[in-house]
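Dear colleague,

Please find below the structure that I am handing over to you, together with its sequence.

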Amino acid sequence: MIEIRKASERLAMHEGVRLQPYFCTKGKQTIGVGRNLDDNPITPEEEKVIGDWRHGITKEAAFFLLRHDINRVVAECEKHIPFWKKLDDERQYALMDMAFNMGIKRLLGFKKMMAFLGVGNYRQAAVECLASQYAKEVGRRAQRIAKTIETGRFEV
């Protein structure tokens, strides 16, 4: 089971924390810890807590949104990845990180990687992760995630 605190720390390391709205490398309006506002707009309930995000948010608000995002992405992974519950915590984290970064649809497009993960061939799953456009786009992050997939250990 993914620990929210640990996942928050890792995602903040990978995504950074930006308290003002900005456009990510894909041109999506973003805030906090990688919250893609175009695909995952602030809900009315979240806006009640964080206020008018258009002029910036606090660090606490950024991590409030991140907790919601982690819960949403984990629920998507549980729903769409048939072998999710069979994976150890670290490999679940690796897939959650990828889904957080690119969305569940794009993650599910990693057909070979997912097939290897499903049968426990973690070494080949890691090779497939690194042989992707995702790896070219995110560099060191993908190397960490692939290593986590291969070994079941997260290393900075």
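I begin with a contact between a charge and a ring: Arg91 places its charged end over the ring of Tyr122, at 3.6 Å from the ring centre. A further contact of this kind involves Arg18, whose charged end lies over the ring of Tyr22, 3.7 Å from the centre. Please bear in mind throughout that this is a predicted model.

As to the overall architecture, the protein has nine helices and three strands. Their order along the sequence is α-β-β-β-α-α-α-α-α-α-α-α. The C-alpha trace spans about 45 × 30 × 25 Å along its principal axes. Of the 156 residues, 46% count as buried.

Two aromatic pairs are present in the structure. Tyr93 and Phe154 make an edge-to-face pair, with 5.6 Å from centre to centre and 85° between the planes. Because Tyr93 belongs to helix H4 and Phe154 to the segment after helix H9 (140-151), this pair ties together parts that lie 61 residues apart in sequence. Buried residues are those under 20% relative accessible area; Tyr93, at 3%, is therefore buried, and Phe154, at 16%, is buried as well.

Phe110 and Tyr134 form an aromatic pair that is likewise edge-to-face, with 6.2 Å between centres and 80° between the planes. Phe110 is in the loop between H5 and helix H6 (111-118), while Tyr134 is in helix H8, so the pair ties together parts 24 residues apart in sequence. Phe110 has a relative accessible area of 11% and is buried; Tyr134 is buried with a value of 0%.

Finally, I turn to the largest pocket, which holds about 770 Å³ of space. It is lined by 28 residues, and those closest to its centre are Cys24, Lys26, Phe100, Asn101 and Met102. The elements that contribute two or more residues to this lining are helix H1 (4-15), strand E1 (18-23), strand E3 (35-36), helix H3 (59-80), helix H4 (89-102), helix H5 (104-108) and helix H8 (133-138). By residue type, the lining comprises 12 charged, eight polar and eight nonpolar residues.

With kind regards

Key:
Residues are numbered from 1 along each chain as its sequence is written. This is a predicted model: local features need pLDDT of at least 70, side-chain atom pairs count only at pLDDT 80 or more; totals for chains, interfaces and linings use all residues. Side-chain values use heavy atoms; hydrogens and water are left out. On a 1 Å grid over the protein atoms alone, a cavity is a set of points where a 1.4 Å probe fits but cannot get out, and a pocket is an open set with protein on both sides within 12 Å along at least five of seven lines; lining residues have an atom within 4 Å of a point. Grid points are joined across faces, edges and corners, and a volume is the space filled by probe spheres set on the points. Helices (H or I, at least four residues) and strands (E, at least two) are DSSP runs, numbered from the N terminus. Ala, Val, Leu, Ile, Met, Phe, Trp, Tyr, Cys and Pro count as nonpolar, Asp, Glu, Lys and Arg as charged, and the others, Gly among them, as polar. Rings of Phe, Tyr and Trp (its six-membered ring) pair if their centres lie within 6.5 Å; planes under 30 degrees apart count as stacked, over 60 as edge-to-face and the rest as tilted. Buried means under 20% relative accessible area, exposed over 50%, partly exposed in between (1.4 Å probe, protein chains only). A charge sits over a ring if NZ of Lys or CZ of Arg is within 6 Å of the ring centre and within 35 degrees of the ring normal.
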